Amino acid sequence: MSEKQNKHIFHDGWIVMSTTICILALAVFISGAFAQVQHAEAAKTSPVTWTVLVGGEAAIEPQEYGPSGAWQFMRFYPENITINVGDKIVWKLEGSEPHTVTFPIPGEKIPDLIIPENNSSQRLLFNPLAILQQGGATYNGKTLTGSGQLDVQPNFPREYNLTFTKPGDFGYFCAFHSMRKGGVVVQPTGTPYPKTQKQIDLETAKLLAADVEAALKATLKTGNVSTRSGPNGTIIHEIKLGYGNGSIALMRFIPTDLTIHAGDTVEWTRGDVETPHTITFLSGGKEPELVLVEPQQSGSPKFVLNPVVLMPTEGKVYNGTNYFNSGAIWGIMVPLPGPQNYSLTFDKPGTYEYICIFHDYMGMKGQISVVPKI
Ligand SMILES: [Cu+2]
């Protein structure tokens, strides 16, 4: 933030400086001043590049691809911006959660992120129209235009540039978090701007600070973990599978570490309206890929959501060996089929690590320590 703000302060300083030079020129050389005024008019109508942040985060720790927040924010900062024809917007990914900037065809919905392969297939695909860039470097308000997947993971862009060639009021969405939307009002060239980038940056800082505060308050509420009696004197322990309300999401198992007695059961329950998670014990094995890329004879490849990730495994008792997976537990509001919770009984003392395959690179990893029954 501060680096960006400095850049704009510098830019505004330059305007003040050039204005001062203008006034000096007027005092000394009247004919020279005329040329300076013309120069100022030209500067006012030259295209401006604006910055919008995509996502945000809090409770940042070092992770696999750099610093990453346990909390992710599903928003554009600012959500609405007013620019002129010829101006460019640079959207910069700020959090670690993937997002897109997608302008739908006017009057239509944005493409679904996940689609069935065909009507008869059980396989689910990431939709190329959502995760691959659509359109070129300019937007005229008529065609599907989007960034594709912006992501901190390797081989994905983290920025998206678009220049606006027609006036209008354009709404855009994130294909990963379709509840959140942004808007761009494009005025004719030369129209005064309602806000400067510096004002926008200050607003962004306030909005981000409010989301950080909301996240930290919500963290306090996630503290209580419930237990209840199971069969034969055992205990059933609940672990919350993330937390999220569509605007902010905690990418953690709550609690992260849990100690239980042999024979006890752990039950993971959903806590997020939108974000999917898995509970996956690799038992020393290799983590499966989330997406299998299948090249096609023509057109874009198929991006298959790996059934090994999506589908639950059968076993109900974990003893430290084999691949145990909950399958994808989709958010409460997500209309995809799948399990809604997961439970495992632990009969062998030991320390067992597990991950969420969607979010382990953000640090969504947990540990169950099983101690002998007294
Ligand atoms: Cu997760």
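Q: Rings of Phe, Tyr and Trp (its six-membered ring) pair if their centres lie within 6.5 Å; planes under 30 degrees apart make the pair stacked, over 60 edge-to-face, and the rest tilted. How many aromatic pairs does this rule give?
A: The count is 26 aromatic pairs. Keep in mind that this is a predicted model, where local features need pLDDT of at least 70 and side-chain atom pairs need 80 or more, while totals for chains, interfaces and linings use all residues. Residues are numbered from 1 along each chain as its sequence is written, and side-chain values use heavy atoms, with hydrogens and water left out.

Q: Why is the pair of F103 and Y172 called tilted?
A: The ring centres of F103 and Y172 are 5.0 Å apart and the planes sit at 40 degrees, so the pair is tilted. F103 belongs to strand β5 (residues 102-103) and Y172 to strand β11 (residues 168-173), so 69 residues separate the two. Strands here are DSSP runs of E with at least two residues, and helices are runs of H or I with at least four, numbered from the N terminus.

Q: And what makes F346 and Y352 a stacked pair?
A: Their planes are at 25 degrees and their centres 6.2 Å apart, so F346 and Y352 count as stacked. The two also belong to one aromatic cluster, together with F253, W268, F281, Y318, F324, Y342 and Y354.

Q: Why is N84 called buried?
A: Buried means under 20% relative accessible area, exposed means over 50%, and partly exposed is in between (1.4 Å probe, protein chains only). N84 has 2% relative accessibility, so N84 is buried. This residue lies in strand β3 (residues 80-84).

Q: How do you know that the copper ion is coordinated, and by which residues?
A: Donors are N, O and S atoms within 2.8 Å of the metal (3.2 Å for Na, K and Ca), though water is not among the atoms, so sites may look incomplete. For the copper ion, H277 (ND1), C356 (SG), H359 (ND1) and M364 (SD) sit at 1.9 to 2.6 Å. Along the chain, these donors follow the spacing H-x78-C-x2-H-x4-M. C356 and M364 are both buried.

Q: What makes the site of the copper ion tetrahedral?
A: Four donors get that name if all angles lie between 85 and 135 degrees. The four donor atoms of the copper ion show angles of 88 to 132 degrees, so the site is tetrahedral.

Q: Why do R123 and E294 count as a salt bridge?
A: A salt bridge needs a side-chain nitrogen of Lys or Arg within 4 Å of a carboxyl oxygen of Asp or Glu. The closest N and O atoms of R123 and E294 are 2.9 Å apart, so the pair qualifies. R123 is in the loop between β6 (114-116) and β7 (124-126), while E294 is in strand β19 (residues 291-294), 171 residues apart. E117 and K302 join R123 and E294 in a network of salt bridges.

Q: What about E213 and K217: why are they about one helical turn apart?
A: They are four residues apart in helix α4 (residues 197-221), which means about one helical turn.

Notes:
Four donors count as tetrahedral if all angles lie between 85 and 135 degrees; four count as square planar and six as octahedral if opposite donors are over 155 degrees apart and all others between 65 and 115; anything else is irregular.
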